[in-house]
Every structure is written in C-alpha cells, then in structure tokens.
Amino acid sequence: MVTFRTSCRTLPARCPGCAMPSWRVHGRYLRCLADAPLGAAPVVIEFLVRRFKCLNSRCPAVTFAEQIQGLTSPHARYTPLLRAVLTSIALTLAGRPGARLAGALSISVAKDTLLHLLRAVPEPPPAQVRVLGVDDFALRKGDSYATILVDLEARRPLDVLPGRDAAPLADWLRSHPEVEITCRDRAGAYAEGARTGAPQAKQIADRWHLWRNLAEALEKTVGAHHGCIRAAFATPLVTEVDAAGDVVTEEPPIAESIPFVPPDGTLDFAGRPRRLVARTTERYEAVQQRLAEGKTLAAIRRELRLDHSTVRRFARSLDELLVKATNRATLLDDFKPYLHQRWTEGCHSIPQLHRELREQGFTGGIQCVRRYFRPFKKPHSTLLKDPPGPPPAPRSTPKPRRVVRWMMTNPEHLAQTDAAELKEIRTGCPELDAAARHVRDFATMMRDHRSDLLPAWLDRILADDLPALHSLVNGLRRDIDAVTAAFSTSWSSGQVEGHVTRVKLLKRMGFGRANLDLLRRRVLHSP
C-alpha cells in the first residue's frame, strides 16, 4: 500500500452553510481517502484536516471541516478519480462482477458499495425528442415487463417505464409535446398510449412486426391446407427445374429387393468395412511388417504401444482374428434362421418381422432388425437401358413452417429443389398458390415503399377463401394509418430492438439485482 501524508494550510475557510469566512480553528483530525491504485499497489491519501468554528451565530452549522477543492467532499471515502472509476465499473458490471473486476485492479470494494454508487448517479438532463421508438422487454418473462423509450435520431435510450400499459406511455408523452413521430410494434396498448398522450404525433408500425404477423397468418393457412401438401407428396416423383424455370417430372425407375444373402460380419449396413474389421486388419499388417524386418515381439510392443499378448495374437493368422472380430453374439443369433425363412417367403416388412420375433421371445428393438436387413432392401433399377443405380429417396411431406419459409423467401435466393417443391405445392392447391402471390405482393410493397397499393392488396385477400389472412386484414385495417406509414417512410423499430438486446445483457449481468431502479440507471448511463 502506498500512503501519502499532507496537511492543509489555507486560511480562511468558508462555512458551507452560510458562506461566511472563519479563522477560528476548533480542532484537527486525520482524514484518509482511497485513491486509484498506483501500478498494482492500493493508494491511500492521509492529510490533517482542520475543523473551524462558524462565526455566524445564526448559522445552524456550529463547526465545519475544511474541504480541498477537486479532492475532497463531505463524508467521502474516495477521491473523485477513484469514485469515477468505481461508478463506471458499477454502470458496466453492476454488483458482484464489478467487485471482482475492481479486485483484479487492486481496488477493494464491496458489491453493495457499487450499487450505492450506481443509485447515486444523477438523472440525465431532459432532452428534446422528435422521433420516438417504443418497445417492451421482460423483467421476468411471463410475469413482469417494462417499456424502453429510444430517441431514434440521437440513437440513445431516453427512459424506462414500468409495465407495458398505455397509461405510463401516455403520461410520458404528455410531458414531451415535441414528439412528432412514434415508432412502435403492433401492440394495442402502445397504440392507445400514443394516441392519448401525443395525438399530434404520427404513429408508424414496425415493418418487421408486420412481416411477422403475415408469417403467423400464413402458417395457419398452410396448416389448414396441409392435406393438399400431403397429397402432392404422396407419389415419389423425381422433380427438377429446367432452364426456363418449369418443373420437369419423371416417373421413378422400377425397383426390386436384392436377394437375401446372410452377412459375413465384415461389412456394416451401408456396405462399408466395419471399423473393428478395418482396425484388426491394419494392426495385423503392421505387426507382420515388423516381424518381416526381424524385430522381436517386445520391440513391436514398444513401438506400437500394444500389450504383449495382443502382439502375440496378431503374429498369428489373420483369419482367426477376423473370426473373433466378426462373430460376436447378438440378440438376433437365435432368430436368424426364422428371419431367413420369412425373408425368402417374401415378408420384407420390418415391423411385421419384429412383431413376430417379439411373440417368440425376442427382447431387442425394431432398429436391431432394421439394421440387420438394411443391406438387402436397397432397390436398384431393372431397366436394361439404364445402368443400376440408387433409387430416388422417398419424399417426406414438409412441415408447415418449412413451406412458409419457402413462400416468404425471395425466389432468387431459394434453392432449386425447394423452388421445385414449392411450385408443385402451388400447382396442387389453388388456395396456397393465392397465398404465395399475396406474400410476394406484400414483399414488393414493403421493399418499394408502395403504400398506395395497400388498399387493393387488402381487397384481393378478402376476395379469396383464406380465413387466417382475413383476420390479418381486419387487424391491419384497425391500425391502417400506422400500417400505411410503415410502407411510406424509412423509420422503423429496428434500432429499438437492438437496445432491447443490450438491456437483456445488462439485466443478466445484474445477478438477481436487476430491480427496475438499478436497471433503469444502467440502461440510461451505460455506454
């Protein structure tokens, strides 16, 4: 620890209560202030402070201590430099993490002291705001929420309000009549609060939330017509897209099963050498090579890092080793003759074979039977004009969310196979084809800022039999002014979402002390 000692000699001293100078020294005491560390050593400043008697008989302060400008303040234990450092740490890391960082910097401070410094940070001065962004975030998800207000032009948060109701937002807007534009999501509470507190302000709905509302309605539509998708994917067709963008469909080649030949244990279900067989063969060749070079078993053991008995076994015949590696007891050993008989009789249904084995006392799962027969269910082409090859994989019906993603992706960025399957779905279902057209038109309006096309788009949706999209249209018409403004201006709540992400980080760094008062100060003052 580095200690500096000094004393004060300035005369006179002025009373902080009445500002009257005083030359009468009442007493002296030693005061200690912690300062920023010097290198890795803590620093303490000790100086002799005089206490003066106030000469004004009507002053409530009988005595007062002299202060050094720029160094001391009443009741302070830290110098202004160290207090600024600790306040910055508290704003960035809050309690426990901040105390650990301060300890690493040779500053001894308690987590509660950092929280007190955080609460002592003065409120930011009121600012004039023209474009306001509003969004909510969770203090405790599903239980309590708060609202963040952001100045979109200055790109900084303005305030944090409790709850996500209309009343707090309306009260804040009444105290800021200079607000001209309010960007918000589709929440009805924020729309009501903005309409009540700032009727002069123009409301703009966020475009990302509009796109999300469309995606939710489209997902309901696709789910309602999922039967059409299953019907389109029922037949295993080979589908390609030609140079003109049209779908080319071919019938799959005729397939048959490979004749059953019991496996010898050297290959896995994919026809590749089993890892145990490959490792055994590799070790056998390594041992035999070193034996041919005249090395002893002990030398081979040290070189290959194997047990002596293992090297001795690999010095023998390879066939004996492969027999041990491939003929291991399995749960199917006692039932293989029956499986061979049923397969030869034409029963190739794995679930049926598994049920029959269970009736005979088999305790294994269906995957055990499926892996055993997998090499013999590989179909191949029987057409003489084409060489044998793998058949097309059975087509699985895509989930509704996947179809929604296809519809809402720019066609130029969609994979060729996805575009082909989407076109097949649209061909088989007129309702989904109409929904896909509406999505494309919506994306064009949003990209080109064509708010003049919005009324006609809403009317076209109502003309089609799409109930989920009808509900979307009704919601958009209730908020038509904000929706129209979203298509005609460049303002959005994207910047507010970024601040919400930062707030979530600050909240989690609070380690359970993310009360709204502390969190609000960190949000407003953190860099």
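Is R450 buried, partly exposed or exposed? I looked this up at the start. R450 has a relative accessible area of 35%, so I noted this residue as partly exposed. The model I am reading is predicted.

**Entry: salt bridges**

I stayed with R450. R450 forms a salt bridge with D452, and the closest N and O atoms are 2.9 Å apart. I then looked for a network. For the whole structure I noted 25 salt bridges.

Next I took R342 and E356. Their side chains meet in a salt bridge at 2.9 Å, N to O. R342 sits in helix α12 and E356 in helix α13, so this pair ties together parts 14 residues apart in sequence. Both residues are buried.

I also checked R460 and D441. Their salt bridge is 3.3 Å, N to O. R460 lies in α18 (residues 454-463) and D441 in α17 (residues 430-448), so parts 19 residues apart in sequence are tied together. R460 is partly exposed at 37% relative accessibility. D441 is partly exposed too, with 29%.

I looked for H348. H348 is in the loop between α12 (336-344) and α13 (350-359). At 27% relative accessibility, H348 counts as partly exposed. I then checked F373. H348 and F373 are 25 residues apart in sequence, yet their C-alpha atoms are 8.8 Å apart in space.

**Entry: cysteines**

How many disulfides does a search of the whole structure find? I noted 0. C54 is in none, and the nearest cysteine sulfur, that of C18, is 3.6 Å away. C54 counts as buried at 8% relative accessibility. For C228, the closest cysteine sulfur is in C429, at 3.7 Å, which is too far for a bond. C228 is partly exposed, with a relative accessible area of 31%.

**Entry: a surface patch**

I looked for nonpolar residues on the surface. M20, W23 and L55 form a nonpolar patch there, with about 310 Å² of accessible area together. L55 lies in the loop between β5 (41-53) and β6 (63-65). At 43% relative accessibility, L55 counts as partly exposed.

I finished with the second largest pocket. This pocket holds about 470 Å³ of space. Its lining has 19 residues, and D135, D136, Y145, R212 and K504 are the closest to its centre. Which elements each supply at least two residues of the lining? I wrote down β7 (131-140), α6 (207-224) and α21 (494-509).

Terms used:
Residues numbered from 1 in each chain as written. Predicted model: local features only at pLDDT ≥ 70, side-chain atom pairs only at ≥ 80, totals over all residues. Heavy atoms only, no water. Patch = residues over 30% accessible without salt bridge, like charges linked within 9 Å, V, L, I, M, F, W, Y side chains within 5 Å. Areas by Shrake-Rupley, 256 points an atom, 1.4 Å probe, with all protein chains shown as cover. Salt bridge = Lys/Arg side-chain N within 4 Å of Asp/Glu carboxyl O. Helix = DSSP H or I, 4+ residues; strand = E, 2+ residues; numbered from the N terminus. Buried < 20%, exposed > 50% of the residue type's maximum accessible area, 1.4 Å probe, protein only. Disulfide = S-S within 2.5 Å. 1 Å grid on protein atoms, 1.4 Å probe; cavity = no way out; pocket = protein on both sides within 12 Å on 5 of 7 lines; lining within 4 Å. Points joined across faces, edges and corners; volume = space filled by probe spheres on them.
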